[in-house]
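Visitor: I am new to this structure. Could you show it to me and take some questions?

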Amino acid sequence: MFFKKYGDIVVGIFFMALSAAMMVMAQMLPKSKVMEVGPEFMPMVIGIITFALAAALTFLSIKNFKMHNAELKADDVEDCDYKRVLESVILMLIYVFVMKPVGFILSTLVFLFCQMMVLSPDDERGKKQAIGLAVIDVVFTLVVFFLFRYGFKIVLPAGIFSINL
């Protein structure tokens, strides 16, 4: 009940601290000698945006605390589906440890499909929905791969396949 009552405030404070730490660590990155914009630029931008959003979440949560508390008492809030949360965490851990040896494309294809199946409602896990999720999976994975490869010039792990696209 504590997290249902104070969850937004706790999450807001946590992300403000996390983004502040990120901004401090971004300043510790070595400065670029070639360009004016160095490697600290994007972490700083992300840290500032995250801090602002977390501060807004915390402020609005505190401002609307009484109203939210009354709604919480009036409604019977559903419990968390811990099985899906645990499955998601296990899938993410497997994905992280498998990406380098197997490669980005193959590991991402399998991870995203499994993750979407875990998170989809029970009544929407049929063959038709699985095909739709597979199409989304393939398109998203290839878009991210080509964006990083040719847009950002970042080579993602090739793993067991050496892809020269």
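The questions below go from the whole chain to single residues.

Visitor: What kind of model is this, and how many helices and strands are in the protein chain?
Guide: This is a predicted model. Read along the sequence, the chain follows the pattern α-α-α-α-α-α. The count is 6 helices and 0 strands.

Visitor: What percentage of the residues in the protein chain is buried?
Guide: The protein chain has 165 residues. A residue counts as buried under 20% relative accessible area. By that cut-off, the buried share is 24%.

Visitor: Among contacts between residues at least 6 apart in sequence, what share joins residues at least 24 apart?
Guide: Contact here means heavy atoms within 4.5 Å. Take the contacts in the protein chain between residues at least 6 apart in sequence. The share that joins residues at least 24 apart is 63%.

Visitor: Where is Glu40, and is it buried or exposed?
Guide: Glu40 sits in the loop between helix 1 (2–27) and helix 2 (41–63). Leaving aside neighbours within four places in sequence, Glu40 is in contact with Ala26, Gln27, Leu29, Pro30 and Lys31. Its relative accessibility is 13%, so Glu40 counts as buried.

Visitor: Which residues does Phe15 touch, not counting residues up to four places away in sequence?
Guide: Phe15 lies in helix 1. With a relative accessible area of 35%, Phe15 is partly exposed. Its C-alpha is 9.4 Å from that of Gly47, 32 residues away in sequence. The residues Phe15 touches are Thr50 and Ala54.

Visitor: Which residues of helix 2 are buried?
Guide: Helix 2 has 23 residues. From first C-alpha to last it reaches 33 Å, close to the 33 Å expected at 1.5 Å a residue. Its buried residues are Met44, Gly47, Ala54, Thr58 and Ser61.

Visitor: What is the accessible area of the nonpolar patch that includes Ile90?
Guide: Ile90 lies in helix 4. Its relative accessible area is 41%, so Ile90 is partly exposed. The patch on the surface is formed by Val85, Leu86, Val89, Ile90, Met92, Leu93, Ile94, Val96, Phe97 and Val98. Together they have an accessible area of about 910 Å².

Visitor: Which helices do the buried residues of helix 5 pack against?
Guide: Helix 5 (residues 104–119) has 16 residues and reaches 21 Å, close to the 22 Å expected. Its buried residues include Phe104, Ile105, Ser107 and Thr108. Phe111, Leu112 and Gln115 are also among them. The buried residues pack against helix 4 (82–102) and helix 6 (127–151).

Visitor: How far apart are the C-alpha atoms of Phe145 and Phe104?
Guide: Phe145 is found in helix 6. Phe145 is buried because its relative accessible area is 4%, under the 20% cut-off. Phe145 and Phe104 are 41 residues apart along the chain. Their C-alpha atoms are separated by 7.9 Å.

Visitor: Leaving aside neighbours within four places in sequence, which residues is Met117 in contact with?
Guide: Met117 is found in helix 5. Its relative accessible area is 18%, so Met117 is buried. Met117 and Leu133 are 16 residues apart in sequence and 8.0 Å apart in space, C-alpha to C-alpha. The contacts of Met117 are Arg125, Ala130 and Leu133.

Definitions and conventions
Residues numbered from 1 in each chain as written. Predicted model: local features only at pLDDT ≥ 70, side-chain atom pairs only at ≥ 80, totals over all residues. Heavy atoms only, no water. Helix = DSSP H or I, 4+ residues; strand = E, 2+ residues; numbered from the N terminus. Expected span 1.5 Å × (residues − 1). Buried < 20%, exposed > 50% of the residue type's maximum accessible area, 1.4 Å probe, protein only. Patch = residues over 30% accessible without salt bridge, like charges linked within 9 Å, V, L, I, M, F, W, Y side chains within 5 Å. Areas by Shrake-Rupley, 256 points an atom, 1.4 Å probe, with all protein chains shown as cover. Salt bridge = Lys/Arg side-chain N within 4 Å of Asp/Glu carboxyl O.
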